[in-house]
Amino acid sequence: MSRKAKGFTLIELVVVIVILGLLAVVAAPRFLNLQSEAKSSVVQGLAGAVNNAAQLAFGKTSVEGQENLASYSVEGYGYVQYGYPSVIKGGMENFLQLDTGYHDTSKEWVWAAHNNGTVENPDTWIVTRSEWLSEGTISDFNKAIEDSKCYVKYTAAMEAGADYRVEVFTDGC
């Protein structure tokens, strides 16, 4: 009785391993680039949401005739200044209705702010995904978010009739 061996030869296994290695070398850079593009798209989407939130706030304050006040609370939403969301707790984050936290990396989105500004040096609100910040204790959230180079920056209106600004930073995404 003759017995035939079953299985793969050593050469067949080596060829398959070489092909898999080549595929990994070619596919890995493309996959890494897709992650960067996905992060960038998420930040762009958040910027759109920030714009929509600002427009919602202005619409609500205009209807109530309060768009020229330095400080006003829109019932059911949050605080505004000169018709647009303010950068304090209960301001922009409430209009967005996202899982955000001020200096709170346990939330999906973490934000920080420079407030008490002037017309020349306006209040700003910056936000990024918590998972995109470096691990460990963060002592300066504004710096940490800016260092991520993957965030949205909202600049508040600082006087009646002024407009807000939304900027997107994706160099580090």
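Residues are numbered from 1 along each chain as its sequence is written. In this predicted model local features need pLDDT of at least 70, side-chain atom pairs count only at pLDDT 80 or more, totals for chains, interfaces and linings use all residues, and side-chain values use heavy atoms, without hydrogens and water.

**Exercise 1.** Find which residues of the largest nonpolar core touch the most other members, and which elements supply this core.

*Solution.* 
1. A nonpolar core is a set of buried Ala, Val, Leu, Ile, Met, Phe, Trp, Tyr and Cys residues joined through side-chain atoms within 4.5 Å; buried means under 20% relative accessible area (1.4 Å probe, protein chains only).
2. The largest such core has 28 residues, and Val50, Met92, Trp125, Val127, Val152 and Tyr154 touch the most other members.
3. At least two core residues come from each of helix H1 (10-63), helix H2 (92-96), strand E5 (109-114), strand E6 (124-129) and strand E7 (151-155). Helices (H or I, at least four residues) and strands (E, at least two) are DSSP runs, numbered from the N terminus.
4. H1 gives the largest share, seven residues.
5. A second, separate core has nine residues, including Ile138 and Tyr151.

**Exercise 2.** Locate the disulfide and determine its handedness.

*Solution.* 
1. A disulfide is a pair of cysteine sulfur atoms within 2.5 Å. The count is one: Cys150 and Cys173, with sulfur atoms 2.0 Å apart.
2. The S-S torsion of Cys150 and Cys173 is about 95°, so the disulfide is right-handed.
3. Cys150 lies in the loop between helix H3 (141-148) and E7, and Cys173 in the segment after strand E8 (165-169), 23 residues apart.
4. Cys150 is buried because its relative accessibility is 2%; Cys173, at 12%, is buried too.

Note on methods:
Buried means under 20% relative accessible area, exposed over 50%, partly exposed in between (1.4 Å probe, protein chains only).
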